[in-house]
Amino acid sequence: MIMSTLELSEIQAYLLHDYKEMGCSKYYLMQVNDNNKVAAKKFIADVANSITHANAEVKDTCLNLGFTSNGLKQLGYSEANMHTFSREFREGMVSPHRQRLLGDYYNSDPIKWQWGGPSNKRVDLILMIFGKNETTADNYFQELKQKFEPGFSVVHILDGKPLPNEREHFGFRDGISQPVIKGSGEPSKGFNNDINPGEFVLGYKNEYDVFPDSPLLVDDKVPGNKNLLADDPSGSSFKDIGRNGTYFVLRQLEQNVDGFWKFLKEKSKDEHGKTSNDEATKIAAKMMGRWPSGSPLVNHPDKDPFPAMDSDFNDFSYIKEDKDGLKCPFGSHIRRMNPRDHFEESTPGVSLTLTRRHRIMRRVRSYGEDFIGSAENHTPNGKVGLLFGCFNANISKQFEFIQYTWANSPKFKRLYSDPDPIIGVREDPEKKRGQIFTIPQETTNRVITDLQRFVTVRGGAYFFFPSVSVIKFLGTI
Amino acid sequence: MIKQHPLIILTPVIADKLKTLELRLEEIRDSSQKSQERGQKTEFEKVSTLHYGRWVILSEKSFRDTPAVPVGIRLSFSTNYDEGEGEGDNKKNHLDNHLHELVTQLTKYIDTIYECCEGYPEPGVRTTESRINFLKKGLIKTTAFFNGAPGRSVKQIHQEEALRKHIWNFINNKKWDKLTTAVQIHNEIREEIDKHSEFEWSEKKAEVQGIKWFNIISYGLLFLLVFPFIIIWAIFLYIFYERWNKKQTLTLSDLNDEKVNELKKVEDLFPQNQFTQVAVLKPGIMRNLNFRIWMLRTRVLANNVFVFGKLLNIPTIHFARWVLFDNNKHVLFFSNFDGNWQQYLGDFIDQSGWGLTGIFSNTVNFPKTRFMVFGGAYDEEHFLAWSRSTQVPTQVWYCPYPQLSIKNINNNTKIRNELRMKNITEEQAKIFLKRF
């Protein structure tokens, strides 16, 4: 066991553990009852003791929670103190500028969201209940409901499960290259995945070797038990609200599995107009950068040697093995999300450093039917999708940067019109944008034209996940 | 090679007309933005040699730090433009021609804007000449200037993009036999292009600037010679100046929301973005001298080394410049870049934190530095906050090719030149084909 340098009993466990062993994950989006804020605060103070922290024994149920900026305001958090939170968190996921950054247009427009948008009920708090199975989770929820009811009401429930066989609905193995927080006690994973804690936990140094911007109690004339709070490590005289806390990004992404595979089959047609499942799978793999099994294209560019065998193989780099993108296209999803050692303008060593400054701790759940799509079988029953979640200490530098600069921007590397084919294509009913996916080849590149978007955002919000002590404190303000 | 030049004009604004001016600039911004979003031409396109145009209102409010001299309200107008063919280095020629084009092609804009400024000719006496003379009065000098695609005129940028698109379509609309070699494909592309008279211009190789080795070696030797003095200078600055600077604690979340939102309102509308910044130099002759030394260094490098589309290894900048003004007490920084703010400033830290620190350490309230190049920009949180808080809203910003990245522009020129390569080898032809 590696010693931990993080204050694990303060950190909410979901940041460090994915709770994959928990069969049921329910996210309750809740609102403070305006007429009973006292009860709301009391619940927060009480529930703090039940939070699953990173040092806690794993039981049949786990509990974590986070606040939106609205939620903190509802509890009476003062304006001056509110202002020390990051701008992204304060503004929330919905703003005109953020719509441009995240690319939420047409059917993904926040105005059409099922939760978190301007036409939905205000979300103040997310209560995350994880259970070994549905029954244990529900029982735990009923128990908590007795306590939160006077203070909170549920506005929306998100019903998630761990990904079936760790594959998302399009059919690809997911979450292979997850970072490890240095000092968390988790064993090192190597391959540039060991990251300084300050990229994910406030109050520790990040990959720039500085403390990330953390919310402080600049106005300490407010009520609340300040003895619960730590000092600001960067040396100001204020109490640090952020320490051992983090920010959580949640987006509900509906996946059009049928559309995705039909599109690929259409693109797989040969000169006689005949579609091919193998070819469709190959194009999909080129777009993803890995085969559905998880096996990376850098190692197996033309064919998956063991399609039936799951692969978490992660020991590869780009400069030595695939400088020209002939194996794994520059525009592919994994090459954008984790550029590893290949930034065009930097040496491999510097590239690795830069990559480490833009990582996220993904926490993904699936919803809808347990369905794993493929070229052969791509029609699930009902709506399916991902509850995409990620933890990061700086939403702008991490989640938003990755989504805009690496996924949505068609100018990634030297490309002209190539967004991330999986998550970055902009919905474009008038087909004015000419979005393409370029597959570099020996002579003429192959181009997949008229990319379409197969992921629709149905809701989203930014949350602050405080430390256990800060949750207690928030119950006393 | 057609050179690109920077122009900057500072004009005092009539205080009573500030509101009117703001509204008029906003109108110009909105209408040209809308046209560009729809893919239509804007008024600015009439000036065919104009790469970038930008109007920025500078008042005391624009300065985060207390100005070193009284500043009043001024309008800054800056452009990057092509000299005419054959104008060569004759500055008077290309400057006069550029001003002439501006006032004759953008008369409506120039009149409505400068009516709000002091000393603009009355309607009765407005002639091309009187307008030019008026603008000339506000001319100031650009201290250091960077061009990401030296020698590429607006016309050439558009032409080469059209060429790339044509070849792209040609390649993708044809079924290529697996056995066709890259050289054969290259040949066929050239034959195709030769069929189209609109690409006749591409027969002539585009001149591109190379690294000026002689200059570099000379400067390098000079640098080695003065290196001991630089060390002494750095120690001197550290002991007598840097040590006494205050530690900066401002973070991004501390900044005024209204101001940040005003900046964000016009960001990320296109793949390209702009950045305008104004800072106050630290008082004293030593700091001023140090700033000028760094400017000199930037100028030398920008002219001799950074000629392939990277400024201090940052691969996303089209044009950038520093302008010392107000009796060398204040400095303006303008940049036109690809991607968004977070990426751009992150690149500065990641790629050239020391270069930026060397320059801006001479401005007040910059994050604390050591020996000119340490600390500063590497203090990520406080550096980003410094950048955002010294940034000034840009009222009007125009670029005729907002959808092209600087990498695209440089790649397009390579496509054109490699298309005309004689006796191209298979390897070279493959590299050529990978550019699409």
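## A helix and its sheet

Start with helix H1(B): 20 residues spanning 28 Å from the first C-alpha to the last, close to the 28 Å expected at 1.5 Å a residue. Keep in mind as you look around that this is a predicted model.

Now show the side chains of Leu21(B), Leu25(B), Ile28(B), Ser32(B) and Gln36(B), which are buried in H1(B). Turn the view to look down the axis of H1(B): its buried residues fall within an arc of 60 degrees, so they line one face of the helix. An α-helix has 3.6 residues a turn, so residues three or four places apart point the same way.

What do the buried residues of H1(B) pack against? Select S2, helix H3 (107-114) and S10 of chain B to see their partners.

Two of those partners lead us to the sheet. Colour its four strands in the order S1-S3-S2-S10 (chain B); the sheet is open and its pairing is antiparallel. At the edges sit S1 (4-12) and S10 (396-398) of chain B, each pairing on one side only. From one strand to the next, the twist averages 10 degrees. H1 (residues 18-37) packs on this sheet, touching S2 and S10 of chain B, and its direction makes about 30 degrees with that of S10(B).

Last stop: zoom in on S2 (residues 50-58) of chain B, joined to antiparallel S10(B) by three bridges. Pick Gly53(B), and you'll find its bridge partner in S10(B), Tyr398(B).

How values were computed:
Residues are numbered from 1 along each chain as its sequence is written. Chains are lettered from A and ligands numbered from 1 in the order in which they are written. This is a predicted model: local features need pLDDT of at least 70, side-chain atom pairs count only at pLDDT 80 or more; totals for chains, interfaces and linings use all residues. Two strands pair if DSSP finds at least two bridges between them. Helices (H or I, at least four residues) and strands (E, at least two) are DSSP runs, numbered from the N terminus. Axes are lines fitted to C-alpha atoms, for helices over the stretch in contact, and angles run from 0 to 180 degrees between N-to-C directions. Two residues are in contact if their C-beta atoms, placed from the backbone, lie within 7 Å. The expected span of a helix is 1.5 Å times one less than its number of residues. A residue is buried if 20 or more other C-beta atoms lie within 10 Å of its own, exposed if 12 or fewer, and partly exposed in between; C-beta atoms are placed from the backbone. The arc is that of the directions from the helix axis to the C-beta atoms.
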